[in-house]
Amino acid sequence: MALLFLLLIFDLVRRRRLKIEYSWLWIATGCSIVVLIWRYDWLVWLTSAIGAVTSTSTLFLLALFFLAVVNLHYSVRISEMSTRIKDLAQETALLQNEVKRLKSAP
Amino acid sequence: MLVIVPAYNEAATVGAVVQGIARERPGAAVLVVDDGSTDGSGALSAEAGAEVLTLPFNTGYGPALQTGIKYALRRGFAAAVVCDGDGQHDPGSIGALLAEFERSGADIVVGSRYLETGTFEAPALKRAAVRFFGLLAGACIGQRVTDPTSGFKALGRRAMRYYVSDLLPISFPDADAMITAHRVGLRIVEVPVKMHPRAEGRSMHDGLKGFVYFFNMLFSILVTVMRKDRLDPEVTDDDPRDAAKAEGVRGVRGAAVPPADIRPGAAPPAQD
């Protein structure tokens, strides 16, 4: 599963559906899943380190943390995008006015 | 002098507002920023004799206002007056704003409906909120603020450069915008103006929206006072390619510098 997930990420980047700069977070996630499967004892160690009873709770905790980070990241991106869209809309209005002015000038 | 009228679906009033401004300030240029209206506000404004900027979709009050100020800066206006398109702001008070602008040499002159009370009645809750933000803004900038939500104001070029910069809290440019303006070194004064109750439509602060607005504004003020903003003329000018323009207006209040990207003579002469 984890390997398939990694393959999917690579394929999305290959088909230019996902930009390189956004892919690192996902590749890191895929890799950590692979590592935790391969070295299960690390997960057990982490579980006792954070005081959890079962290793599944550790996985849930990590998943929740990961989703929170991803969402925050998207919120930041959306804020950036809306500023750019606002600037573009303003520029459109100003340029439209300028074109009208130039057309009506003798 | 340019009068900027941001308008979103104000077909019932915007024509009369434009005509009122033309009557009160003959010779003043009037610019209506049509913020993606669907009721023909833009066409009506043009019919009434205003220059019209048409935004491709509704962007909100802050961005619409900013569009008008970008226009004013690019066309070399020395001052701009912002006046709502819903008929609340009496064009007859533009003279009072400009007189104070000339007299005090302030960067921003805010028209206050509460400075001389009795002319404007608002619901108790709104009055309380306005008073609260007024006190808060007043405490932050160290002077009395009676109408922190007023959109009726006169701006000089330095203030206009602040309004087009990223420093402006653009989502809700009220009390937080005043505080930021003060923190970047702009001088603000208030003058009493006449305001009418809305004839048509609903205010942007009605009902639940008012509640949301309250907390948004509170949070916005909180982060505003946590920032360390400085108005740098070179960086904050809307057109960074034109450094000379920013250079020319620095410290010389009221001196209109025709932007280099506009043909000589094309820019309307600065009035008032």
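**A walk through chains A and B**

In this predicted model, A:Gly30 touches A:Ala2, A:Phe5 and A:Leu6, leaving aside residues up to four places away in sequence; contact here means heavy atoms within 4.5 Å. A:Gly30 belongs to helix H2 (residues 20-38) of chain A. Helices (H or I, at least four residues) and strands (E, at least two) are DSSP runs, numbered from the N terminus. A:Gly30 counts as buried because its relative accessibility is 0%; buried means under 20% relative accessible area, exposed over 50%, and partly exposed in between, with a 1.4 Å probe and protein chains only.

The model is predicted, so local features need pLDDT of at least 70 and side-chain atom pairs count only at pLDDT 80 or more, while totals for chains, interfaces and linings use all residues. Residues are numbered from 1 along each chain as its sequence is written, chains are lettered from A and ligands numbered from 1 in the order in which they are written, and side-chain values use heavy atoms, with hydrogens and water left out.

Chain A as a whole has 4 helices and 0 strands, in the pattern α-α-α-α along the sequence. Of its 106 residues, 21% are buried. Among contacts in chain A with a separation of 6 or more, 41% join residues 24 or more positions apart. Chain A exposes about 8200 Å², and 73% of that comes from carbon and sulfur atoms; the areas come from the Shrake-Rupley method with a 1.4 Å probe, and for residues only the protein chains shown count as cover.

How do two of these helices meet? The axes of helix H3 (residues 40-50) and helix H4 (residues 55-104) of chain A come within 9 Å and cross at roughly 85°. Axes are lines fitted to C-alpha atoms, for helices over the stretch in contact, and angles run from 0 to 180 degrees between N-to-C directions. H3(A) and H4(A) are therefore roughly perpendicular; the word covers 65 to 115 degrees, whereas under 35 is roughly parallel, over 145 roughly antiparallel and the rest oblique. H3(A) contributes A:Tyr40, A:Leu43, A:Leu46, A:Thr47 and A:Ile50, and H4(A) contributes A:Ser55, A:Thr58, A:Leu59, A:Leu61 and A:Leu62. By class, this contact has 7 nonpolar, 3 polar and no charged residues. Ala, Val, Leu, Ile, Met, Phe, Trp, Tyr, Cys and Pro count as nonpolar, Asp, Glu, Lys and Arg as charged, and the others, Gly among them, as polar.

Helix H5 (residues 124-141) and helix H7 (residues 175-183) of chain B pack at about 10°, with their axes 9 Å apart, which makes H5(B) roughly parallel to H7(B).

Chain B also holds an open sheet of 7 strands with mixed pairing, in the order E3-E2-E1-E4-E6-E5-E7. Strand E3 (51-54) and strand E7 (188-192) of chain B are the edges, each pairing on one side only; two strands pair if DSSP finds at least two bridges between them. Inside the sheet, strand E4 (residues 79-82) and strand E6 (residues 153-156) of chain B pair in the antiparallel sense over 4 bridges, with B:Ala79 opposite B:Gly156.

Helix H6 (residues 157-164) of chain B lies across E4, strand E5 (108-112) and E6, at about 100° to E6(B). In H6(B), 7 of 8 residues are buried, including B:Met160 and B:Tyr163.
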